[in-house]
Amino acid sequence: MYRFNYHKPSSIEEAVSLFNSSDDGFYLSGGQTLIPTLKLGLASPVDIIDLSNIEALHGISVDSGLVSIGAFTRHAEVAEHPEIRRVLPVLSHLAGRIGDGQVRNLGTMGGSVANSDPAADYPAAVIGLGATIHTGKRTISGDDYFKDLFETALEPGEIITRIDYPIPDRAAYRKFPNPASRYAVVGVLVADFAGAIRVGVTGAGPCAFRATGIEAVLNQNLDPDALKVVDLPDAGFNSDLHASAEYRAHLVKVMAERAVTDILAL
Amino acid sequence: MKVSLTVNGDRHELDVPENTLLVEIIRERLGLTGTHIGCDTSQCGACTVHMNGRTVKSCSLLAGQIDGAEITTIEGIGTPEDLHPMQAAFRECHALQCGFCTPGMIMRAIELVEQTPELDNKAVREGLEGNICRCTGYHNIVEAVLHAARVPQSARAE
């Protein structure tokens with residue numbers, strides 16, 4: 001692999017300062033996307049800034065109505081955390097299906113959300129649960145966060161510190177995984193907040209989004225069969241060797257139907 | 001850069017380039033070649049080792065990330081005279097053909113048995129998603145993991 005400088009700051013201020021003083025800096029979280037990317041030569045930053053040592057990015061707290069998770073929390077921790085499993089099982093379920101076991105032992109929530117891979121799982125939860133993203137200097141509504149393919153509302157050098165997830169009355173996540181990579185070809189999270197339905201979709205478009213058409217139908221009638229009549233346009237959806245845009249649009253409906261079925265069985 | 005780590009109980013202080021991967025430290029600096037490099041793109045799991053008790057793909061960790069860590073490789077779990085129960089189960093069930101994926105499979109399977117109280121065929125297959133066998137001998141691998149899961153931990157003399 002090419003040569004780079006490696007830094008391990010112990011505060012957000014120090015990390016941002018390192019980033020700002022570098023011609024080409026990149027933050028390293030769990031590394032499960034970044035390190036393969038470096039090895040393949042798809043990115044070659046001069047300065048790698050490892051965020052693992054920053055206390056402010058760690059920790060999980062569960063309060064009434066809200067689960068707050070530090071950005072450096074690894075997927076396996078969310079999958080196994082007893083309190084999250086109790087109050088927000090949909091998030092543990094989602095985290096426990098990211099990639100594979102070894103990847104979940106290293107990959108972090110903040111890294112996934114900052115990277116905003118179109119096929120990542122966490123973005124469906126950020127959107128579907130209406131999460132709030134905290135950075136070192138401001139808060140960003142989940143609805144305003146995802147902008148385009150690998151593009152987010154984060155400014156250069158801005159670091160996600162934690163993400164707050166409101167706790168719905170009930171919720172379910174269904175994904176159609178790519179059988180080789182386990183990335184979501186399509187993933188849909190449906191959440192019921194006292195009768196108000198939110199639907200977060202990942203995998204289908206350039207970035208995660210709210211399926212407002214599906215929400216409108218489910219707000220009238222929370223029934224999987226109600227979705228059969230929904231006409232979901234595939235304009236702008238991803239089309240690649242894994243699935244056509246048309247097939248992805250079909251999968252959004254099928255995954256939403258299954259998630260609603262799961263919710264009704266809770 | 002200087003890193004210190006413990007591998008199979010032995011402490012090492014090393015000076016390595018920043019771009020060194022954990023698997024390179026294990027194989028090239030410490031000579032522990034039981035950990036294999038298969039795909040080198042974090043898909044195949046042949047390089048799986050334990051870091052602080054959890055499985056990781058050692059081809060996807062930089063030297064700086066493992067500073068202070070405790071690493072266990074396939075060489076650290078048993079000896080030819082005293083196999084780890086998972087190694088014994090792989091032998092018993094003929095769970096290897098070419099053997100290339102086996103060290104990674106065994107390291108992952110040990111974690112799986114430790115972490116999952118009720119293992120069944122489906123849970124083993126899901127748990128081994130990050131480990132690829134290109135002999136496609138999965139049937140006997142699953143059998144071996146289930147076999148080892150039934151052996152009480154106390155069966156192995158320490």
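The structure is a predicted model, in which local features need pLDDT of at least 70, side-chain atom pairs count only at pLDDT 80 or more, and totals for chains, interfaces and linings use all residues. Residues are numbered from 1 along each chain as its sequence is written, while chains are lettered from A and ligands numbered from 1 in the order in which they are written.

Chain B contains 5 helices and 5 strands. Helices (H or I, at least four residues) and strands (E, at least two) are DSSP runs, numbered from the N terminus. From that terminus on, the elements follow the order β-β-α-β-β-β-α-α-α-α. The radius of gyration of chain B is 15 Å, close to the 15 Å that the globule rule gives for 158 residues, so chain B is as compact as a globular protein of that length. The radius is taken over C-alpha atoms, and the rule is 2.2 Å times the number of residues to the power 0.38. Along the principal axes, the C-alpha atoms of chain B fill a box of roughly 45 × 35 × 25 Å.

Of the 158 residues in chain B, 42% are buried. A residue is buried if 20 or more other C-beta atoms lie within 10 Å of its own, exposed if 12 or fewer, and partly exposed in between; C-beta atoms are placed from the backbone. Two residues are in contact if these C-beta atoms lie within 7 Å. Among contacts in chain B between residues at least 6 apart in sequence, 60% join residues at least 24 apart.

Helix H2 (residues 85–92) of chain B has the buried residues Pro85(B), Met86(B), Gln87(B), Ala89(B) and Phe90(B). Their cover includes helix H3 (102–115) and helix H5 (138–150) of chain B. Just after H2(B), His94(B) adopts a positive phi of about 50°.

Two loop residues of chain B were also examined. Ala69(B) sits in the loop between strand S4 (54–57) and strand S5 (70–72). It is partly exposed, with 17 C-beta neighbours inside 10 Å. Leaving aside residues up to four places away in sequence, Ala69(B) touches Leu5(B), Met51(B) and Asn52(B). Its C-alpha atom is 7.7 Å from that of Ser4(B), 65 residues apart along the chain. Asp40(B) belongs to the loop between helix H1 (22–29) and strand S3 (48–51) of chain B. Asp40(B) is not a glycine, yet its phi is positive, about 65°.

In chain A, 3 strands form an open parallel sheet in the order S1-S3-S2. S1 and strand S2 (25–28) of chain A stand at the edges, each with a single partner strand, so one side of each lacks a neighbour in the sheet. The twist averages 25° from one strand to the next. S1(A) pairs with strand S3 (residues 47–50) of chain A over 3 bridges; pairing requires at least two bridges found by DSSP. Asn5(A) stands opposite Asp47(A) in S3(A). Helix H1 (residues 12–20) of chain A lies across S1, S2 and S3, at about 170° to S3(A). Axes are lines fitted to C-alpha atoms, for helices over the stretch in contact, and angles run from 0 to 180 degrees between N-to-C directions.

Between the chains, 21 residues of chain A are in contact with 22 residues of chain B. Strand S1 (5–7), helix H2 (34–39) and helix H6 (101–104) of chain A each supply at least two residues of the chain A side.
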